[in-house]
Amino acid sequence: MIKVNIDLGERSYPIYITTDYSSLAKSMSLARLNGKLALITDNNVDKAQGEACIEALKSNGLKVYKYVIEAGEKSKNLDTIREIYKFLIDNKFERNSVLIALGGGVVGDITGFVAATFLRGVNFVQIPTSLLAQADSSVGGKVGVDFEGKKNIIGAFYQPKFVYLNVNTLKTLPVREIQAGMAEIVKHGVIRDPEFFDFIDYNVSKIFNFDEDVLQYLAKVNCTIKGSVVEQDEKESGLRAILNFGHTIGHAIESVYEFKYLHGECVSLGMVAALKMACDLEMIEENDVQRVVETLDKIGLPVRLDHIDVDEVYERMFFDKKVKDNKITFVLPKSIGEVIQCVVEDEARIKKAISHLQS
Ligand SMILES: NC(=O)c1ccc[n+]([C@@H]2O[C@H](COP(=O)([O-])OP(=O)(O)OC[C@H]3O[C@@H](n4cnc5c(N)ncnc54)[C@H](O)[C@@H]3O)[C@@H](O)[C@H]2O)c1
Ligand SMILES: O=C(O)C(=O)C[C@@H](O)[C@H](O)[C@H](O)COP(=O)(O)O
Ligand SMILES: [Zn+2]
């Protein structure tokens with residue numbers, strides 16, 4: 001088992017990178033979590049992973065209350081939150097209770113938000129089962145839901161007690177979801193680590209063939225990159241916004257197309273648009289842009305769309321959390337491994353970047 005620590009003072013926690021559920025019960029004891037347990041999952045994950053995970057928890061003699069939501073982004077809203085609150089109240093959950101998120105980013109974001117707000121905060125554990133959740137959403141404490149078509153507009157920062165990352169859960173994940181998860185991994189390489197970017201590019205086929213060593217190394221470096229950014233700026237007052245590379249345009253595409261495209265797919269498109277904008281601004285070499293686009297393409301991620309409604313996407317970008325005084329801050333790469341934050345006010349330039357996505 002590999003351990004990565006996220007150092008946030010009294011909110012510090014370990015990420016355990018494993019290949020099965022056998023250390024889960026021990027991890028619960030180590031974290032001194034012995035209150036009532038609610039496992040929140042979705043219908044797909046429940047079918048694929050529920051039994052093995054619950055069996056592992058029960059080996060501590062723990063009773064597990066399970067709540068299953070419908071899979072997909074459309075569940076990431078306040079209606080689902082309300083139903084989970086009712087479930088917890090009906091089953092008399094108390095302050096020392098533990099909410100376990102078993103699933104992808106949707107389950108993690110929802111469960112974390114309930115944990116942050118129910119009884120003003122109960123214990124929270126992340127067991128990420130999608131590649132995207134293992135590489136990104138289970139780490140760093142951003143939790144929340146979408147509202148009226150706007151992404152993550154209601155939420156909190158709330159850290160888990162630990163993250164239990166079993167790379168073999170990926171074996172039951174659909175290929176399209178693995179591709180989507182890879183977008184956030186490529187993002188980490190582009191914003192912080194050129195060697196890691198090369199590693200990803202070189203190992204694409206091993207990743208898709210579930211090579212345990214490659215997957216564990218991938219998870220370790222990802223969590224270390226994301227963790228180091230979060231450690232320096234937990235509440236996103238500055239540096240952390242670099243983790244939003246590709247998300248300004250990406251989130252807008254996600255909302256405009258009403259979640260027809262997966263989050264990771266939209267991040268891929270958003271990264272391509274940001275790279276093109278940086279190239280137009282002569283900040284990055286064309287060659288670096290091409291390398292990232294080729295890697296995304298090799299993974300099977302979208303790098304353009306048959307049709308893109310440039311005006312709609314532009315309007316929707318103004319709900320981004322990086323908007324201040326109606327001006328948008330973009331995260332733009334200078335090279336593979338380095339990004340800067342930069343206000344871009346020129347509407348024509350922004351629209352040109354979006355229109356680069358039209359095939
Ligand atoms: N909090 C953060 O920092 C953060 C970071 C990145 C993304 N996000 C959010 O995460 C969400 C996307 O996460 P996601 O891509 O994991 O989506 P998801 O949670 O919808 O999971 C993707 C799909 O895979 C299924 N699935 C997950 N694990 C499985 C497994 N092991 N076997 C079989 N099926 C499995 C799910 O049921 C779902 O259908 C978005 O809402 C995004 O905004 C949050
Ligand atoms: O952890 C972060 O910080 C991120 O920005 C990671 C993103 O990949 C993630 O999609 C996040 O949920 C986006 O946050 P938002 O604040 O732009 O809604
Ligand atoms: Zn993201």
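What spacing do the donors of the zinc ion (ligand 3) follow along the chain? The pattern is E-x62-H-x15-H, and the protein donors behind it are Glu-184 (OE), His-247 (NE2) and His-263 (NE2), sitting 2.0 to 2.2 Å from the zinc ion. Donors here are N, O and S atoms within 2.8 Å of the metal (3.2 Å for Na, K and Ca), and water is not among the atoms, so sites may look incomplete. The two histidines link distant parts of the chain: His-247 belongs to helix α10 (residues 247–256) and His-263 to helix α11 (residues 263–280), 16 residues apart. Helices (H or I, at least four residues) and strands (E, at least two) are DSSP runs, numbered from the N terminus. Both His-247 and His-263 are buried, that is, under 20% relative accessible area (1.4 Å probe, protein chains only).

A quick word on the ground rules: this is a predicted model, where local features need pLDDT of at least 70, side-chain atom pairs count only at pLDDT 80 or more, and totals for chains, interfaces and linings use all residues. Residues are numbered from 1 along each chain as its sequence is written, chains are lettered from A and ligands numbered from 1 in the order in which they are written, and side-chain values use heavy atoms, with hydrogens and water left out.

Next comes ligand 2. Its shell holds 14 residues, and Asp-136, Lys-142, Lys-226, Arg-240 and Lys-321 come nearest; to be in the shell, a residue needs a heavy atom within 4 Å. His-263 turns up again, with a side-chain N or O atom 3.1 Å from an oxygen atom of ligand 2. Asn-152 has a side-chain N or O atom 2.9 Å from an oxygen atom of this ligand, and for Asn-244 the distance is 2.9 Å. Taken alone, ligand 2 exposes 440 Å², and the protein buries 92% of that (Shrake-Rupley method, 1.4 Å probe). Helices α6 and α10 each give two or more residues to its shell.

Ligand 1 has 27 residues around it, with Asp-42, Glu-73, Ser-130, Lys-151 and Thr-172 coming nearest. A side-chain N or O atom of Thr-172 is 2.7 Å from a nitrogen atom of ligand 1, while a backbone N or O atom of Val-106 lies 3.0 Å from one of its oxygen atoms. On its own ligand 1 exposes 860 Å², of which the protein buries 92%. Helix α2 gives the most to this shell, with four residues.

Conventions
Buried means under 20% relative accessible area, exposed over 50%, partly exposed in between (1.4 Å probe, protein chains only). A polar contact is a pair of N or O atoms within 3.5 Å; within protein, one must be able to donate a hydrogen and the other to accept it, and residues adjacent in sequence count only if both atoms are side-chain atoms.
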